[in-house]
Amino acid sequence: MSDRSTGGAGSTGGDRGDGLSGTGGRAPGDKTLTADAVVGRLRSGMTLGIGGWGARRKPMALVRALLRSEVTDLTVVSCGGPDVGLLAAAGRISHLVTPFVTLDSVPLEPHYRAARERGDFTLTEIDEAMFLWGLTAAANRLPFLPVRAGIGSDVMRINPGLRTVTSPYADGEEFVASPALRMDAALVHLNRADRRGNAQYLGPDPYFDDLFCEAADTAYVSCERLVDGFAGAVPQTLLVGRHTVGGVVETPGGAHFTSCVPDHGRDEAFLRMYAATPWDRFAERFLHGDEDDYRSAVAAWHKEQGR
Amino acid sequence: MSGAPAHGPASRAEYCVIACAETWRGAGEVLAGPMGLVPALGARLARHTFAPELLLTDGEALLVGPDGEVEGWLPYRRHLTLVTGGRRLVMMGASQIDRYGNQNISCVGDWARPRRQLLGVRGAPVNTLNNPVGYWVPRHSRRVFVPRVDLVCGVGHDSARAAGPAATRFHDLRRVVSDLGVLDFATPDGSMRLASLHPGVTVEQVREATGFPLAVPAEVPYTREPDAAELRLIREVLDPDGLRDREIGPR
C-alpha cells in the first residue's frame, strides 16, 4: 500500500499485484481475499497488531491461518486473549506488547502463562491507557502522546526505554511520553464489511479496532458476513474506513471461540476445554487442517459433549 | 425495600458486601468500578440505598440503572477517559499488596522470568494516578499481604511520594476490604492500618494473616451491621442465589 505512505490520493488499491488466482473480473476496489492470502502477505519478523479485547471479537480465523503458515518471529501488539495464547504456544512470538492477557471468563490464559514462564519471548508490558494513546499516536503519525500513567509504578522499571515529558505550560507537570505503537500490519474482526474494506461493528464496544487499522501500514478485516452496502445502518456503527484497509475476508464464525455479539457469544464450553487442554493435544485435534476442518472439529467436539 | 426484616444474622460475605458498599459512600456522581462479585454487590447496594447518584455498568459497554435499565454508553476507550477525568471510584483486586498499598496483578517472582505469570499490569497504573482506588481481597493471607510486592502495578503511598507531584496529584488510595476486615491508610506515613474487624474476627487473626507490621489502634471497631432493608436487598434482590459466599474461601 505504498500509495498511503507517499500521500497519493484516490487509489483504492486495485493493482496490488498479489498474484491471487481468480481475481479477474473483480470490481475496482474489491479487496476481498482468503485468510490464507492475507497471511501470504505477512512476513516473519513483522510487527503485527491484533484487535479485539481479551476473549472478545478476536480475528481468530486469521490467527488460525497464521498458525498454518511458516510466518514466525513476530512482534505482537494486542490486548491479549487466546490470539496471544495460541501464537505464543506455537512459538510464533518473539516479542509481545500488551497491558494484559486474559480469557475473561477464565481470568488467566494458561498457554500464554506457560510460554512466558518458559521465557519463550520478550515483553513490553504497559498500562491500558499507555496502550490506547500509543495506538492513537501511531494513527496520528506522532512519536508519542503524554499520559498520566506509569509514573510511580514498575512500568517505568521494566520498560527502561520509556521517557517522560514536562508540560511546556505553567503547570510544568511531568507525564509519560507513551511511544507510538506503529505496526506493519493489523488483523481485526468485525460483524459486517463490504468488499472495499468499510466495516461495521454491531456489538456494544468498538474496542480499539479502528485505531489498530489506522496505526498499521496495512490492515486486514475479517467479518462475519460480507454485505453489498450499509444502507439504513446507524452511521456510528461504521467503525473502520476502507482507506485504512488492505484486505477483507469473509469468515463466518471467524472470531470463534471468542465472542462476536450479536452474531454469536463466546463459546464458553470450548474456551474452558481450550484452557484445560495441553497445547499439543489441542493443536493436534483442532489446528491440523484449514478453517473448514476447524469448524468440523469444533462441531464434533460439541456433539461429543452432548450439545 | 421496606417490609419484613430479613431473617438470620449477617454472614461474613454480607459484612464484606457492606464494607465494599461503604467505599462508595459520599463518592458523588462517579462510576463505581467494582472488580469481583462482592464489590459489585456492594456497589449495587450503595446505588440502591445511600448513594443513588452512582453510575453502574453492566460489565460490558453500557451504563445501567439499579434494575439494569440502560442509561449510557461506556466502551473501553470512554471508560479510560472517565478514569483519567477522575469520575470513577474503582475497587480492584490484588494478587499481592504491601503495607503502603502497592498492588501487583502482573506476575510472581522476577518480572524478566516470572515464577507465575498473572494478568498483566492492566489499568492499575492509570487508575491509581487518576481516580480514587480501593482494593478487594477475598482471602486475607500472607501470600497476598506481603512485605514488598514483586511488581508495582497499582501505585502505593511510598511509591507515589518517591515519584513526586506527577504521581501524587490525584493519587487517592481509600481502603482495602478483605474477608477479615477493613484496612485504611490513616497513618502519618500512609501505611496500612486496621480500620475495622468483621464480627467474629480477632486482631490477632488479622495480624497472623498479614505479612507486614500493621498499625492497629487501641480500639478497633467492628464493621457496621447491615440493616434489615440492606439484608433483604442483598438476599432477595441482588444475590438471591447466594453467589457471594463462593467468592470468600472457607476459614
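Me: Why is Arg57(A) called buried?

Reply: In this predicted model, Arg57(A) has a relative accessible area of 2%.

Me: What makes the phi of Arg57(A) worth a remark, and where is Arg57(A) found?

Reply: Its phi is near 45°, a positive value in a residue other than glycine. Most residues other than glycine have a negative phi. As for the place, Arg57(A) is in the loop between β1 (47–50) and α3 of chain A.

Me: And what about phi at Arg122(B)?

Reply: Arg122(B) is not a glycine either, and its phi is positive, about 50°. You'll find Arg122(B) in the loop between β9 and α4 of chain B.

Me: Back to chain A: why is helix α3 of chain A described as largely enclosed by the rest of the structure?

Reply: The helix covers residues 60–68, and eight of its nine residues are buried, so it counts as largely enclosed. The buried ones are Met60(A), Ala61(A), Leu62(A), Val63(A), Arg64(A), Ala65(A), Leu66(A) and Leu67(A).

Me: Now the two chains. What makes the pair Glu117(A) and Arg116(B) a salt bridge?

Reply: Their side chains meet at 3.8 Å, N to O. The rule asks for a side-chain nitrogen of Lys or Arg within 4 Å of a carboxyl oxygen of Asp or Glu, so this Arg–Glu pair qualifies. The count between chain B and chain A is five salt bridges, and there are 25 residue pairs in polar contact, both residues at pLDDT 80 or more.

Me: Which elements of chain B supply residues to that side?

Reply: At least two residues each come from α3 (76–84), β9 (116–117), α4 (124–130), α5 (157–163) and α6 (165–168) of chain B. The most come from α4(B), with five residues. By class, the side of chain B that touches chain A has 23 nonpolar, seven polar and eight charged residues.

Me: How many residues and how much area go into the contact between the chains?

Reply: Chain B brings 38 residues and chain A brings 42. About 3600 Å² is buried between them, and carbon and sulfur atoms give 53% of that. In chain B, the most area is lost by Tyr76(B), Arg77(B) and Trp111(B), together 22% of what that side buries.

Me: What does the contact between domain 1 and domain 2 of chain A look like?

Reply: Domain 1 is 35–143 + 180–269 and domain 2 is 149–176, going by the domain assignment. Their C-alpha centres lie 28 Å apart. Five residues of domain 1 are in contact with seven of domain 2, burying about 420 Å², with 71% from carbon and sulfur atoms. Glu125(A), Asp127(A) and Met130(A) supply 77% of the area that domain 1 buries there, more than any other three residues.

Me: How many salt bridges and polar contacts does the rule find across that domain interface?

Reply: Zero salt bridges, and one residue pair in polar contact, with both residues at pLDDT 80 or more. The domain 1 side has two nonpolar, one polar and two charged residues.

Definitions and conventions
Residues are numbered from 1 along each chain as its sequence is written. Chains are lettered from A and ligands numbered from 1 in the order in which they are written. This is a predicted model: local features need pLDDT of at least 70, side-chain atom pairs count only at pLDDT 80 or more; totals for chains, interfaces and linings use all residues. Side-chain values use heavy atoms; hydrogens and water are left out. Contact means heavy atoms within 4.5 Å. Buried area is the accessible area (1.4 Å probe) that two parts lose on being put together, summed over both. A polar contact is a pair of N or O atoms within 3.5 Å; within protein, one must be able to donate a hydrogen and the other to accept it, and residues adjacent in sequence count only if both atoms are side-chain atoms. Helices (H or I, at least four residues) and strands (E, at least two) are DSSP runs, numbered from the N terminus. Ala, Val, Leu, Ile, Met, Phe, Trp, Tyr, Cys and Pro count as nonpolar, Asp, Glu, Lys and Arg as charged, and the others, Gly among them, as polar. Domain bounds come from an automatic or database domain assignment. Buried means under 20% relative accessible area, exposed over 50%, partly exposed in between (1.4 Å probe, protein chains only).
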